[in-house]
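Look at the sequence and the model first.

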Amino acid sequence: MNKNIDLGILISRIAIGFPMLVYGISKLIHGIGFIENMMVQHGLPSFFANGVFAGELIAPLMIITGFRIRLAGLIFAANCFTAIMLAQTGSIFQLNDFGGWALELLVIYLLIGLSFFFTGAGKYAVSVKNKWD
């Protein structure tokens, strides 16, 4: 059987980008007040919370379409890392109700974001000629 790595990357882009995009749309509709509060509690300016839109709306759209995916992967991973540091540090050594790691989803998102930085988008992308593709 022939390998089709580009198709595999496309499927991964959709599988990771779409669910995160849903989180971003939810924050667009319902607001980011709780994130602003977390920022303030950690001594950071509340306007930093607006970065969630880059990590949960813009980056997922870039990932899905394959536009500057290396940059999008870094933004995506940074967003996940920030979420872990601000909201999930208490869960680092915990299991969820089903016996899995409590941080598994965020860590999967983070690592896949990093993998897009290293692999690029593959040939099924809107942009493939830039160093950030």
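A pocket is an open set of points on a 1 Å grid over the protein atoms alone, where a 1.4 Å probe fits and protein lies on both sides within 12 Å along at least five of seven lines; lining residues have an atom within 4 Å of a point. The volume is the space filled by probe spheres set on the points, which are joined across faces, edges and corners.

This is a predicted model: local features need pLDDT of at least 70, side-chain atom pairs count only at pLDDT 80 or more, and totals for linings use all residues. Residues are numbered from 1 along each chain, and side-chain values use heavy atoms, without hydrogens and water.

The largest pocket has a volume of about 580 Å³. Its lining consists of 27 residues, with Val52, Glu56, Asn79, Ala83 and Leu106 nearest the centre. Five helices (DSSP runs of H or I, at least four residues, numbered from the N terminus) each supply at least two lining residues:

| Helix | Residues |
|---|---|
| H1 | 5-30 |
| H2 | 33-41 |
| H3 | 51-65 |
| H4 | 69-87 |
| H5 | 104-119 |

H4 gives the largest share of this lining, seven residues.

Serine 91 is placed in the loop between H4 and H5.

Phenylalanine 76 is in contact (heavy atoms within 4.5 Å) with residues including Ile16, Met20, Tyr109 and Gly113, leaving aside neighbours within four places in sequence.
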